[in-house]
Amino acid sequence: MKINNASVLFALILLTVGSYFFSEESGASGNLAFLILFVLLKVLLVVIYFMELKVAHLAWLAVLSLMLIVYAGFVFSLN
Amino acid sequence: METINHKQFFYPPGGILIWIIILVEVITFSAGIIAFAWEGSLSPEVFEASQGMLNTKIGLVNTLLLLTSGFFVAEAVRFLKAGNTIKSQQWMWVAMLLGVGFLVLKGVEYVGKIQHGFDLSHNTFFTYYWLLTGFHFLHVLTGLVILLMLTLKMRQGVYHQSNSLDIETGGAFWHMCDLIWLLLFPVLYLI
């Protein structure tokens, strides 16, 4: 299935608005894992589709993913 | 016609140099965010009270502005590669307009904070808030200048279907501003 930029933008908006309402509804602490997961998904969508890492060597995506895991791990453990 | 094989490690879309810059920037901002979260774990009351002073609605709208702007830049690159320079230029202008919208809203937020006395030295939360969002603000401003210069050159006919690398590179810089904001927004405003 070919994913176009418009559907990526739609997904990004859904994830952004979703994370906003998650945090508004019951506070961020209960939904920390969801919020971080949404961040990771959004970053991956941007780098893979908007920045076209889908056509690049897999190592670039691997390096970025590793950085994101470190970021998520620290943010999760410190909150 | 350019025939770059992006599957080769040294030729990612936009060129290797911009990707090295992107990685360094992501590491730098992530380190700042981690330091912010660390300080927050040491004085949770101060951070929770200070976070309550931020306008999450402005943060949300700004996130949507940057993401939509990123979409238009991605489309502009796609149109240029397809040979449609007119459409590419139009999409670049829309992307820049949205970027300006981000800066204006951020400016409104900054003025409000200063008026209420939440400046750089108010407390640790606001020191990090100003440093992290301030540096990001400067990146967006730089990104806008880059997009403007590229669009003006595209108008002069410098960039076209067979010469699009600079547009891809500028676009990658703009998307990096998206990425950094995506990492900053939840930590500063939501968590």
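**The interface of chain A and chain B**

Between chain A and chain B there are 6 residue pairs in polar contact, both residues being at pLDDT 80 or more; such a contact is a pair of N or O atoms within 3.5 Å, where within protein one must be able to donate a hydrogen and the other to accept it, and residues adjacent in sequence count only if both atoms are side-chain atoms. On the side of chain A that touches chain B, α1 (5–26), α2 and α3 each supply at least two residues, and α1(A) gives the most, with 11 residues; helices are DSSP runs (H or I, at least four residues) numbered from the N terminus. The model is predicted, so that local features need pLDDT of at least 70 and side-chain atom pairs count only at pLDDT 80 or more, whereas totals for chains, interfaces and linings use all residues. Residues are numbered from 1 along each chain as its sequence is written, chains are lettered from A in the order in which they are written, and side-chain values use heavy atoms, with hydrogens and water left out.

The contact (heavy atoms within 4.5 Å) takes 39 residues from chain A and 43 residues from chain B. Together the chains bury about 3700 Å², 80% of it on carbon and sulfur atoms, buried area being the accessible area (1.4 Å probe) that two parts lose on being put together, summed over both.

Across this interface the rule finds 1 salt bridge, defined as a side-chain nitrogen of Lys or Arg within 4 Å of a carboxyl oxygen of Asp or Glu. The side chains of Lys81(B) and Glu52(A) meet in a salt bridge at 3.1 Å, N to O. Glu52(A) lies in the loop between α2 (32–50) and α3 (58–78) of chain A, and its phi is near 60°, a positive value in a residue other than glycine.
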